[in-house]
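Here's a quick briefing to read alongside the model.

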Amino acid sequence: MLGPEKLKQLADAALAHSKAEQTEILLRATDTALSRFANNAIHQNVFESNVTLRVRVILGKRTGVAESNDISAEGIKRAVDMARAIAQLQPENPQNAPLPPPRAAPSVNAYFVQTAECTPETRARAIEQICRAAAAQKFIAAGAYRTAVHESAVANSLGAWAYHVGTIADLHTVTLNDAGTASGFASDASPDARALDAAQVARTALDKAQRSQNPIALAPGEYTVVLEPEAVASVLQYTAWNTFNALAVQEERSFVRGRRGEQLFSPLVSVYDDGNARDTFALPFDFEGTPRQKVTLIEKGCAQAVVYDTFTARRDGVASTGHSLPAPNLVGPLPQHLFLAPGAASRAELIASVARGILVTRFWYTRVVHPLHVVMTGLTRDGTFLIENGQVTLPVKNLRFTSSYLDVLKNTRAVGRETKLMHDERAAMSFRAPALAVDGFNFTGVTQ
Amino acid sequence: MKDLSARVLNMAQMRGASYADVRIVNRTIQTLGVRDGRVQEMLQQESQGFGVRVIADGAWGFASCSRDDYADVDATLQRALQNARASALTKTRDVQLGPPEANKGVFRSAYKMDPFMVSMSDKINLLLKADSEMRRVKMSKAHLLTRGELIFVREEKTFASSEGAYIQQEIVESGCEIQAQATDEAGDVQTRTYPWGRHQQTRGFEFVLEQQLVENAPRLAQEALMLLTADACPALDATTVILSGNQVALQVHESCGHPIELDRVLKQEASFAGTSFLTLEKLNNFQYGSEIVNLTADATLPGGLGTFGFDDEGVPAQRVEVVRDGRFVGYMTNRELATELNLGRSNGTMRAESWNRLPLIRMTNINLLPGAWTLENLIADTDDGIYFDTNRSWSIDDKRLNFQFGTELAWEIKGGKKTRLLKNPIYTGVTPNFWRSCDAIGDASEWVVWGTPRCGKGQPAQTIRTGHGASPARFRNVKVFSKS
């Protein structure tokens, strides 16, 4: 961890060297440790320390971006010079937007020293707990335990400066039988590693794995489903990317374009994005240094706002909501701290409300089939069960679905009251979501 | 480089490592993008650092750092050793690597035009010209979005090990794609991409020029617009399917490349990427495909995106058989697992995304060897079927059995002729059944080494570049339908 003073020194050095009209410096420093296990033993155990400096320079209607992880004085100068040279080499872009003016972001305490200083021995002890529990039941455990410190800082030549440090601890396991025909998944995540409950993770995964043995094949078709939080996170992720993104609206490929205020979804569904919340992996400003606003995307089933960065906000004549990705940004602004508001039902009540349906632990290999209606395909994995007369009765062979995620939010008939925090490392997104009971979910195939 | 690697290796052994290797990597990535006639992206990224992999107390540890001053090198090595000793707390056996690999050598990928010596102005103007050609195509009541991207990569890598290996490699890659996306008032969205996703090879700028982006741009936009009014692909439980060469490449990647990764087979990826239906008893004892299906893993293929001189354990690049006359005959292996299973020498497939990632078993170039048909003859020989072209969506289960792939467009084939454009086509199947139904494969004139630059695996996540030599192929009794 470098700390705010060191990162400010690096940013100041870069800004001092730049002769461009406008210059933005994005610094990200990460220390990530991850212990990975399979077959009841740790087989990969890694650590990474990296600092990247990204320079965006604006010369009139031209922008150049360069990134380097060489933070020596010479390395910083080279990155600034490269960004400027790149800008000079390109034709003017009439839509080029200037940098955002300085706006103070709130400070959010998201750093836990117990996570930052978590040792490989501590991670190994938690993993050992899971592996022993699995072995005792003649199952094998696989999974990963990650602890990470992320520092982010943004400075620009207009005077902006923002710094944040946060920690992430997450642990997940898949326990499976030797033949690989029965498996169960469980996970836990928090900014504070002390909050992770390895024993509970093991119990949940093993319970699902035990119950998954000798699954039956169900015929494809429409079913009522109870989606557990990991599956709901997938719904939130792809809906946010394809729908509640100002660039998608401006390019006429978002379902909510021109439909603000319409009752498009179940009145039980409310979705918002809040990068300042204490119960997520907070990051109070975006990659342009703009404070993240809390943005309500769906309020009781009615489509509300979409998120903006500086470029899309300028096009619509509004203020950025603080949802930029690092420049140059091809996909537009994204909500990265999504919440689906809890409802009233316990998990048991959600299941009890279903006469015949399927309980889904998580989705796997989800891909967009058609973006406008967020039609997705994917499979269930690591815990899929038949619900009959309000009871989980039999394990079910994994099913392929081809279904609209918008329809999931439209056909939600009940919302769970307990929410779960999750972090997707690849997508750099956080989710806090409950389980949902959803009618008319379309399964299109059965696995062997 | 030699000073740093020698220092790390000496210190590692002095502190108790029974094995150590170090990779020092310097990667430069240049990305240029246009969107709707304007410059969207001009970015150069440079990343350098080193990664140390050790065996201590019989278990693995790895640590990496972007800085190489004395204190950082010392701390990084200490973390690698601490990780190894923590791994040992749960070990069930000691890691064995088999005979030492003390190779020394230099490898440089071949190119005619160094892409980093071509001016960025020329590159962006090429994209803007292609974009302009797409945007010249107009249709009433439809909206056209256009974009294009070029990417160039240079990776300089030094590998050294405590067994005496010392290897230097330089690999240059060039990649490109253009895309037209048409939308209509009803909200339909249709996309055409050329050459497919992002096509990429370990070659120079000549690769980009050969793709003729400008010449193909108008056709691409026309096809995107035509798809808006095309009929939907019919739903058929069993029909004949011809896949374009690029779709065969994707099919090979997902349903052959991943299941032959030995770490998946041994459940080392069970919690994330998944396992494999190609379990150990199937080796040399399983009919993976029809007798005309022959597949190789070939890291020596010129231009392939999975081509290199040595893998990230210092093992020389190899060409090995995976499927011979339809029978499954080989996995992709590494030193540890090849030793554990008595499979002989590793076939050299350990690859890491960069200095900050641990090498994993990854695809090299997984190729479907050419057959005897031209695409023209394949279509002429088909009375009733559907031709699927250019992947749009792909999904497959965690054992790599049940797949569902959609393409950007399809053509109905009747009486040996392409008769009707079809939109939103999807086909689905089960891997061995599908490959056993393959009855015709395109010849060498149709064979292209397609690049798949975004193959994800591992935790922390890493993306690797893989290649697939493939030509069009025909499959019988395939279920097809349309998104609805």
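**Quick tour of the predicted model**

In this predicted model, β17 of chain A pairs with strand β18 (residues 429-433) of chain A in the antiparallel sense, over five bridges. That pair belongs to an open, mixed sheet of six strands in chain A.

**The sheet in chain A**
- The strand order runs β10-β9-β8-β11-β18-β17.
- β10 (302-303) and β17 (420-424) of chain A sit at the edges with a single partner strand each, so one side of each has no neighbour in the sheet.
- Helix α6 (residues 229-242) of chain A packs on this sheet, touching β8 (271-273), β11 (337-340), β17 and β18 of chain A. Its direction is at about 125° to that of β18(A).
- As for a specific bridge, A:Met422 has A:Phe431 in β18(A) as its partner.

**Helix α5 of chain A**
- α5 (residues 198-211) of chain A spans 20 Å from first to last C-alpha over its 14 residues, close to the expected 20 Å.
- Its buried residues include A:Val201, A:Leu206 and A:Lys208.
- The buried residues of α5(A) pack against α4 (120-136), β5 (161-176), β6 (183-190), β12 (356-370) and β13 (375-388) of chain A.

**The two domains of chain B**
- Domain 1 of chain B puts 44 residues into the contact, and domain 2 of chain B puts in 35 residues.
- On the domain 1 side, β7(B) gives the largest share, ten residues.
- The residues on that side of domain 1 of chain B comprise 15 nonpolar, 20 polar and nine charged.

Definitions and conventions: Residues are numbered from 1 along each chain as its sequence is written. Chains are lettered from A and ligands numbered from 1 in the order in which they are written. This is a predicted model: local features need pLDDT of at least 70, side-chain atom pairs count only at pLDDT 80 or more; totals for chains, interfaces and linings use all residues. Two strands pair if DSSP finds at least two bridges between them. Helices (H or I, at least four residues) and strands (E, at least two) are DSSP runs, numbered from the N terminus. Two residues are in contact if their C-beta atoms, placed from the backbone, lie within 7 Å. Axes are lines fitted to C-alpha atoms, for helices over the stretch in contact, and angles run from 0 to 180 degrees between N-to-C directions. The expected span of a helix is 1.5 Å times one less than its number of residues. A residue is buried if 20 or more other C-beta atoms lie within 10 Å of its own, exposed if 12 or fewer, and partly exposed in between; C-beta atoms are placed from the backbone. Ala, Val, Leu, Ile, Met, Phe, Trp, Tyr, Cys and Pro count as nonpolar, Asp, Glu, Lys and Arg as charged, and the others, Gly among them, as polar.
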